[in-house]
Amino acid sequence: MNSVERYTATPKLMPLAGGIGVLGLLATAAGYFVDPRATGHSYLLAFAYWAGISIASTIMIAIFHTAKATWMTVLRRVMETMAVSIPLFAVLFLGLIPAFKHIYPWFPGSELVNSLSELEREHLGHKQHGYLNPTFFAVRQVIYFGVWIFVSHRLHSLSTRQDEDGQLERTASLRKWSPGSLPFLALTITFAAFDWLMSLTPLWFSTIFGVYYFTGSFLSVFCLLTIISVNAQGHNLYGNLVKPSHFHNLGKLMLGFTAFWAYIAFSQFFLIWIANLPEEAPWYHTRIATGWRGLSISLFFLHFLLPFAILLSRNLKLQPRKLAVVAVYLLVIHAVDLYWLIWPALSPEHPSFHWTLITAFLGVGGVSIAFALFRIRGRYTLPVKDPYIAESLRYVQP
């Protein structure tokens, strides 16, 4: 393992990503003074997209340790690096606060409450005294980020310390901490989805909405991991050690979460449609009986049928470059899916476009990528002294 040295590509990539990110955030900040509502929704979309990937990486690392999976050891450091970017998102979340009154009807001082009927305002008032109380909302965010930062840092630090001392107890600790952290991680990302996204329409609710959100984030983690692994080829980069069998497993996980996303999406729609309750049906009415119908139907084909059919191919999953193309496509579709979740709160009649969708996405994405590269700078690109790294490098699909 001595041939795998420190990550030498970081100085070249980090300034570029950081520069794009800073320019994107500055442009988005300027957009806030022009159209605060559209800019707020754009920033929320970008934040939910990139933060979801970081949080889902933490959860998947914990799952792999809990399952004692050894095949992915060679890939684990990239996921750990994505996970320890969470502190940055705690800072970026502060940038969303000024837009609260422009995107959340429940937030004090929001003019959006004027669009509600008297009965709806009465119901909203009850929620504002309970779950959607601003103080309680703030407390929940502190809990969410506290859990995510603690767990991601703990898993990352144990892994990187093992690079230096090679102690087997580090692996035992990783497998001890991971199972206990999973319930907290699952609950916090679920309720974060309720707070960030579902409360855009505060009188609507779905108990599996959080699962819908983090399923897309899980899928994006494996897509991004595939793209990084394919491109991490060259001197001292871990991609040289990733075998077709590893990519085959990543492709199977992409296939699995594509199917799981469709299952959750259909389950949520079917239960709300068959119940036809007045407090639930309007959310889907906006997306089916208006100009959003075309995009709603397209998601079924573009987010499920097409990638599902493509990823069924074993040969494709064994060809990293082709699999990376599918991964890029799915990352784009995940962004479209979040647009479908968020944007109708701003434009309920039909889809629309605002230039801050681009600047916010590049801004949040750029600084998060730069921060991740900063965290891995000077470190090994894989866990070189993990007791299962040799087994992972020899991994062959059974």
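This report walks through a salt-bridge network, a helix pair and a surface patch in a predicted model.

## A network of charged side chains

Let's start with the charged residues. The count of salt bridges comes to six. Arg76, Arg77, Glu80, Asp163 and Asp386 are linked in a network of such bridges.

Arg76 and Glu80 are four residues apart in helix 3 (residues 76-83), so about one helical turn separates them. Glu80 and Arg77 are three residues apart in helix 3, so they too are separated by about one helical turn. Glu80 counts as buried because its relative accessibility is 1%, and Arg77 is buried at 1% as well.

Arg76 also forms a salt bridge with Asp386 (3.0 Å, N to O). This pair links distant parts of the chain, 310 residues apart: Arg76 sits in helix 3, and Asp386 in the loop between helix 15 (356-376) and helix 16 (389-393). Both Arg76 and Asp386 are buried.

Now find helix 2 (residues 36-66) and helix 8 (residues 168-196), whose axes come within 8 Å and cross at roughly 155°. Helix 2 is therefore roughly antiparallel to helix 8. The crossing is left-handed.

Ile297, Phe300, Phe301, Leu302, Leu305, Leu306 and Ile310 make a nonpolar surface patch of about 580 Å². Ile297 lies in helix 12 (residues 293-311). With a relative accessibility of 46%, Ile297 counts as partly exposed.

Definitions and conventions: Residues numbered from 1 in each chain as written. Predicted model: local features only at pLDDT ≥ 70, side-chain atom pairs only at ≥ 80, totals over all residues. Heavy atoms only, no water. Patch = residues over 30% accessible without salt bridge, like charges linked within 9 Å, V, L, I, M, F, W, Y side chains within 5 Å. Areas by Shrake-Rupley, 256 points an atom, 1.4 Å probe, with all protein chains shown as cover. Salt bridge = Lys/Arg side-chain N within 4 Å of Asp/Glu carboxyl O. Helix = DSSP H or I, 4+ residues; strand = E, 2+ residues; numbered from the N terminus. Buried < 20%, exposed > 50% of the residue type's maximum accessible area, 1.4 Å probe, protein only. Axes fitted to C-alpha atoms, helices over the stretch in contact; angles between N-to-C directions. Parallel < 35°, antiparallel > 145°, perpendicular 65-115°, else oblique. Left-handed = near helix turned anticlockwise from the far one by under 90°.
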